[in-house]
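Dear colleague,

Please find the structure below, together with its sequence. The notes that follow set out what was found in it.

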Amino acid sequence: MSDSIWRSIDTAEKSDYGKMECMEMTDVAIVGGGLCGILCAWFLKDAGVDCILLDKNRIAGGTGKDAMAQVTSQHGLIYSKLVERDGVEKARMYFQANELAIQKYRELSEQINCDFEETSSYVYSKNDREKLEKEIDAVSRIGGKVEFCEATELPFATSGAVRFQGQAQLNPAKLMNGLVKELEKYQNIHVYEGVEIDDWFRRAIWCGMHVTVADHIICTTHTPFYEKLGKYNRKLHREESCILALRNAQKMNGMYTDEAQGGLSFRSYGDLLLMTGGTYKTESGREVQEWEKLRKAAAMYYPEAKEMTNWKVQDCFSLDGIPYIGSYASKRKTPGLYVATGFNGWGMTSAMTAAMLLTETILKDKFGEAREAVNYPWKEVFSPERRILLPQYFSNIKDTISDRFSSRSQKYKK
């Protein structure tokens, strides 16, 4: 396994951040120094809020630098599902939240050089035109602009594709490194590394003897750290995807995703084609087979291409395809504790959506009517407290029990 293209070309000089003192007092503590945590700190920096950003490893060193780095509100054929299941209004709010996230990235790209490139996003189907037409109808009903494409750039036949214009792709390493460098200039932003949170209790978190007391705590870790409430071990499952960077392959002028589960996705970066597929559940043991399938597809469609690097990315998936963003469990049970997780493979866009929503919630609470607050009407759509009862919930419970028995067995063998 190689480094991702973003890590291999990342030559930015990194700062070394120390560990916390024994006791830290702050307005906001952000647990998780990936893209979402960094964006939260970014939105808080100008408000004069004292903020701590910490990570158990390196700041800006997590899964964000393994992503395909697509910024889009087109998350598969999600809108036909949302309209049917949750109604037109909630589907519209989900769309608006993600469109605003794209706009925020446009604005950020004017300050941070991150190879931001506006392009179109496509979801294609190899054999189901009806699904695509249904999605187009749903997007039109919620006020979105979308079009059907008969022909695509793809190296195989399709039934067409749904095209979203005004989407984007970028370099996540440049983005995160640039944001952190800017954050270093602010005296109210304090960054720490090598801090793995052990537990939380009533506005306090601790790592060994190091305790942080904060009015508000945001958990943006890949998997939520506080296991006693929220049931995130049941409401999430993890999947991994294999990614190849190919040279001498066709350049794509857009971003392409298969509507079918386990299909192929494509985007270009410079003279490289990024091709991903081979998605599998982390615990399934299918990694070798999925790499073989992806490389076989690459050889079939791009026989002259050379594999320059390869890597995999892990994503957390929610039960209903919508991220969990909001109060960790409930305001009564977990006062001041917030969570952002379950980005369903669309981490770039969802990280921005989460950062906007959570920081605005905190600033409203801190400054009240004195702040000219932005009203995000889509808060309820992402609420972790929404009622969800799907077969995946029971599958996650089964996997959790199996993992626990497996870990106990391994301990016994040792």
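The number of disulfides comes to zero, where a disulfide is a pair of cysteine sulfur atoms within 2.5 Å. The model is predicted: local features need pLDDT of at least 70 and side-chain atom pairs count only at pLDDT 80 or more, whereas totals for chains, interfaces and linings use all residues. Residues are numbered from 1 along each chain as its sequence is written, and side-chain values use heavy atoms, with hydrogens and water left out.

For Cys316, the closest cysteine sulfur belongs to Cys219 and is 11 Å away, which is too far for a bond. Cys316 is buried at 5% relative accessibility; buried stands for under 20% relative accessible area, exposed for over 50%, and partly exposed for values in between (1.4 Å probe, protein chains only). Cys207 is likewise buried, with a relative accessible area of 15%.

**Salt bridges**

Across the whole structure, a search finds 26 salt bridges, each being a side-chain nitrogen of Lys or Arg within 4 Å of a carboxyl oxygen of Asp or Glu.

- Asp46 pairs with Lys45, with 3.0 Å between the closest N and O atoms. Asp46 is exposed, at 60% relative accessible area, while Lys45 is buried, at 6%.
- Glu89 and Arg92 are joined by a salt bridge of 2.6 Å, N to O. Both residues belong to helix α4 (residues 88-109) and stand three residues apart, about one turn of the helix. Helices (H or I, at least four residues) and strands (E, at least two) are DSSP runs, numbered from the N terminus. An α-helix has 3.6 residues a turn, so residues three or four places apart point the same way. Glu89 is partly exposed, with a relative accessible area of 44%, and Arg92 is also partly exposed, at 22%.
- Glu150 bridges to Arg129, the closest N and O atoms lying 2.8 Å apart. This pair links distant parts of the chain, 21 residues apart: Glu150 is in the loop between β5 (147-149) and β6 (161-169), and Arg129 is in helix α5 (residues 129-141). Glu150 is exposed, at 52% relative accessible area, whereas Arg129 is partly exposed, at 34%.
- A network of salt bridges connects Asp10, Lys14 and Lys65.

**Nonpolar cores**

A nonpolar core is taken here as a set of buried Ala, Val, Leu, Ile, Met, Phe, Trp, Tyr and Cys residues joined through side-chain atoms within 4.5 Å. The largest nonpolar core has 83 residues, of which Tyr79, Tyr105 and Leu175 touch the most other members. Helix α9 (residues 347-367) gives the most to this core, contributing 10 residues. A second, separate core of 25 residues includes Ile52, Leu54, Leu236 and Leu319. In soluble globular proteins, nonpolar side chains tend to be buried together.

Residues up to four places away in sequence aside, Tyr79 has contacts (heavy atoms within 4.5 Å) with several residues, among them Ala91, Tyr94, Phe95, Val139, Ile142 and Phe164.

Helix α2 (residues 35-45) is largely enclosed by the rest of the structure, because 10 of its 11 residues are buried. Among the buried residues of α2 are Leu35, Cys36, Cys40, Trp42 and Lys45.

Thr26 sits in strand β1 (residues 23-31) and is buried, at 8% relative accessibility. A polar atom of the Thr26 side chain lies 2.9 Å from the backbone oxygen of Asp50. Setting aside neighbours within four places in sequence, Thr26 is in contact with Asp50, Cys51, Ile52, Thr212, Val213, Ala214 and Asp215.

Lys366, in helix α9, is partly exposed, with a relative accessible area of 36%. Beyond neighbours within four places in sequence, Lys366 is in contact with Asp27 and Val49. The C-alpha atoms of Lys366 and Gln103 are separated by 26 Å, the two residues being 263 residues apart along the chain.

**Database annotation**

UniProt, in an unreviewed entry, lists residues 27-360 as "domain: FAD dependent oxidoreductase". UniProt positions are given in the numbering used here, feature names are shortened, and annotations may be inferred rather than shown by experiment. In the model, the end C-alpha atoms of residues 27-360 lie 14 Å apart, and the span is 30% helix and 31% strand.

With kind regards

Definitions and conventions:
Polar contact = N/O pair within 3.5 Å; in protein donor to acceptor, adjacent residues only side chain to side chain.
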